[in-house]
Amino acid sequence: MKRFSLLSEVGNEYRPNDEFFAEELLHKISLLNLLQQVATAANETSDPESLLQFAIDRICRIANWELGRGYVLNRNGEFEPVSVWYSREKDFPNDLRAVLEHDRNSEFESIAKRAAREGKPLWVEDLREDPHFARILSVGKTSVKSAYVIPIRVRKRVVGVLEFLFSASAPEASLIEALFNVCSQIGRVFERCESEELLREAESHYRKFVEQVHAIFWEGEGKPLRIGYLSREAEGLLGFRSVRWTGDDLSWLSRLYPADRKKVVHCLESLSEGDSVEIIFRILAQDGRVLWFRNIVRAVKEKGIFPKLIGVMIDITKQKLGEEELRSSREQLRALSARLQDAREDERIKISREVHDELGQLLTALKIDLSLLRANLSNDAKESARISRELKSMDGIVEAAIGSVRRIATELRPLVLEDLGFLEGIRWFGRDFQDRTGIFLSVERKGSEEKFDKDISVALFRIFQETLTNVARHSGASRVKVSVEGSECDVVLTISDNGVGISETDIVSSKSLGLIGMRERAIFLGGELKIRSEHGGGTTISAKVPLEKKEGRL
């Protein structure tokens, strides 16, 4: 159906003496007024039904049509008539309206449904030619014979239908143009109402979700930061109403733990659009408890100078208390382990001295006695030769025992470590290791020659001993390289071999007690121990210890 512009038609030449043209002009002006009024109402209203009432009433009056009716799409996806009607009172009896309202299976309703299904206007020129309408059109005295139905769209979807019944001839082009524009304006209201409804539903779901999650959701903006929204979970977690944090005051600042306040404020106020950050801090609850929170914040740009901050605060107090308890337990275990290590070292010193001093002296005295006995043998040459051989054998046994005593005493506590320092101590032990195993060992010194205190020397020496024991037992290496690098702040002991390496599983295994012991020694002194290994590429153990003892790290 061809569509025309109302403005172009109104703009045609006007002939004052032509009464028919004058009527047409007034009709066009009324249509223009209709479009203006509908557009204004569409911008101001959020009630599609009231706009339908207004539009149907005005269209029927301008077109001189007897009946106007509206249909909308319900929640079940079906089109049903609404309570919006227009019926001319003079020649159009209300009996017909009553019949149409109760006859849901009438052809009039099916026309509206067909227009909605096909998505296009329908024009029925003469309803009376169909005997199906005999009962309806015979009610009262009515001249209704035609129907025009036009769908209301939101984008490509039909959401409503306007239905008109009349006795006049076919609608003229300008009226049809007006109907299309009216339906477009009504569609805009439907679309806006749907968007608002979806927004309300989304906000309702969001609020329900927020209130059910054990976290505090918040929004804020400005410098200084002012909280605009705080979820009700704050009342359950912190013990006070969320309104105490919202508004123009800065009450939320007073609830931050004093030591964390400056850090939190600086971090939040330095965020720019698109930035996100995670902050861990403490809050003072209403009852004085100190609660830990993880605050995940994102800055989004909205109207205004500063970005809007959206965040969620997750209560991690139990986690923090658990971590603190675990840390305290580990520190206690580490202190106990250190105490046991000290006790072992003290016991080793005691045993080493007793073995060296007492057993060593007794064996030395025994050797002297054997030498004197051999010098005072009888004159019997044959008997003297036999006794001399036995004494010589006994002397060899005593000599071996003396060597064993010295070795045991040295392994328990190498005196060279105390007398000449750590570097000479590992060189001496390295030579002994090389002689016993045949594995070549080299020692390199870097940096400062400064001597270490007793605790550092003992810890690094035991790490060195344990590493060489593992090399001899498991590595299959032929060469070991040792370097000691000292500085003003710390000392680094690095031991590398060219063996088969160690697997990652063995490095972290709880059964690798030797590695665990080495790591604990380094950590207790505030240092760290690293193990790097590649299959077939050897193993490197690096122990770094500060020269000034610090608190061991977890």
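Because the model is predicted, local features are reported where pLDDT is at least 70 and side-chain atom pairs count only at pLDDT 80 or more, whereas totals for chains, interfaces and linings use all residues. Residues are numbered from 1 along each chain as its sequence is written, and side-chain values use heavy atoms, with hydrogens and water left out.

The average pLDDT of the protein, that is, the predictor's confidence in each residue on a scale from 0 to 100, is 76, and 74% of the residues score at least 70. Over residues 1-14 the pLDDT stays under 50, and for this stretch the model has 25 contacts (heavy atoms within 4.5 Å) beyond four places in sequence. The protein contains 17 helices and 15 strands, where helices (H or I, at least four residues) and strands (E, at least two) are DSSP runs numbered from the N terminus. Of its 554 residues, 40% count as buried; here buried means under 20% relative accessible area, exposed over 50%, and partly exposed in between, with a 1.4 Å probe and protein chains only. Among the contacts with a separation of 6 or more, 59% are made by residues 24 or more positions apart.

Helix H10, which covers residues 258-269, has 12 residues, and the distance from its first C-alpha to its last is 17 Å, close to the 16 Å expected at 1.5 Å a residue; the expected span is 1.5 Å times one less than the number of residues. Its buried residues are Asp260, Val264, Cys267 and Leu268. Seen down the axis of H10, these residues fall within an arc of 90°, so they line one face of the helix, the arc being that of the directions from the helix axis to the C-beta atoms. An α-helix has 3.6 residues a turn, so residues three or four places apart point the same way. The face of H10 turned away from the buried side carries the exposed residues Pro258, Lys262 and His266. The cover over the buried residues of H10 includes helix H9 (251-255) and the strands E6 (215-221), E8 (276-284), E9 (290-300) and E10 (308-315).

In helix H14 (residues 422-437), the 16 residues should span 22 Å at 1.5 Å a residue, which agrees with the 22 Å between its end C-alpha atoms. Phe422, Leu423, Gly425, Ile426, Phe429, Gly430 and Phe433 are buried in H14, and they cover an arc of only 150° around the axis, which puts them on the same side of the helix. Just after H14, Gly438 takes a positive phi of about 80°.

Apart from neighbours within four places in sequence, Asp497 is in contact with Val471, Ser475, Ala477, Arg479, Val480, Gly537, Gly538 and Thr539. The side chain of Asp497 also reaches the backbone nitrogen of Gly499 at 2.8 Å.

Lys320, found in helix H11 (residues 317-375), counts as partly exposed because its relative accessibility is 24%. Apart from neighbours within four places in sequence, Lys320 is in contact with Ile280 and Trp292. Lys320 and Phe293 are 27 residues apart in sequence, and their C-alpha atoms are 9.3 Å apart in space.

Definitions and conventions. A polar contact is a pair of N or O atoms within 3.5 Å; within protein, one must be able to donate a hydrogen and the other to accept it, and residues adjacent in sequence count only if both atoms are side-chain atoms.
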